[in-house]
Amino acid sequence: MPLTPKEFSMLCLFLKSPDQVYSRDHLLSTIWGFKTDTEDRTIDSHIRNIREKLRHAGFPVDQHLKTVWGIGYKWSSVD
């Protein structure tokens, strides 16, 4: 499944620490670096792309990649 380097880095971060909630700011600083002019809504676009690619591959992503409203995102190990 083709992922961009940023998508791959985000997915790796989620999979390394399942059930850990990551804020948009944390994802930006971790994946893009501290000195970035990238908007935090860029994270939403990358999450959307990851979800679409995993769905297309037949993976039940909605059971795992969760939005934590008002905080950020997490990879849920169980539904």
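The legends below describe close-up views of a predicted model. Local features need pLDDT of at least 70 and side-chain atom pairs count only at pLDDT 80 or more, while totals for chains, interfaces and linings use all residues. Residues are numbered from 1 along each chain as its sequence is written, and side-chain values use heavy atoms, with hydrogens and water left out.

View A. Helix α3 (residues 41-56) has 16 residues and spans 23 Å from its first C-alpha to its last, close to the 22 Å expected at 1.5 Å a residue. Helices (H or I, at least four residues) and strands (E, at least two) are DSSP runs, numbered from the N terminus; the expected span is 1.5 Å times one less than the number of residues. The buried residues of α3 are Ile43, Asp44, His46, Ile47, Ile50, Arg51 and Leu54. Buried means under 20% relative accessible area, exposed over 50% and partly exposed in between (1.4 Å probe, protein chains only). Viewed down the helix axis, these residues fall within an arc of 165°, so they line one face of α3; the arc is taken from the directions from the axis to the C-beta atoms. On the other side, Arg41 and His56 are exposed. The cover over the buried residues includes α1 (5-16), α2 (24-32), β2 and β3. Just after α3, Gly58 has a positive phi of about 90°.

**View B. The crossing of α2 and α3.** The two axes come within 9 Å and cross at roughly 80°, which makes α2 roughly perpendicular to α3. Axes are lines fitted to C-alpha atoms, for helices over the stretch in contact, with angles from 0 to 180 degrees between N-to-C directions; roughly perpendicular covers 65 to 115 degrees. Arg24, Leu27, Leu28 and Trp32 of α2 meet Arg41, Thr42, Ile43, Asp44 and His46 of α3, where contact means heavy atoms within 4.5 Å.

**View C. Aromatic pairs.** Rings of Phe, Tyr and Trp (its six-membered ring) pair if their centres lie within 6.5 Å; planes under 30 degrees apart count as stacked, over 60 as edge-to-face and the rest as tilted. The count by this rule is 2 aromatic pairs. Phe14 and Tyr22 have ring centres 5.8 Å apart and planes at 65°, so this pair is edge-to-face. Phe14 is buried at 0% relative accessible area, and Tyr22 is buried at 7%. Phe59 and Trp75 are stacked, with 6.0 Å between centres and 25° between planes. Phe59 lies in the loop between α3 and β2 (65-68), and Trp75 in strand β3 (residues 72-75), 16 residues apart. Phe59 is partly exposed at 34%, whereas Trp75 is buried at 9%.

Definitions and conventions. Angles under 35 degrees count as roughly parallel, over 145 as roughly antiparallel, 65 to 115 as roughly perpendicular and the rest as oblique.
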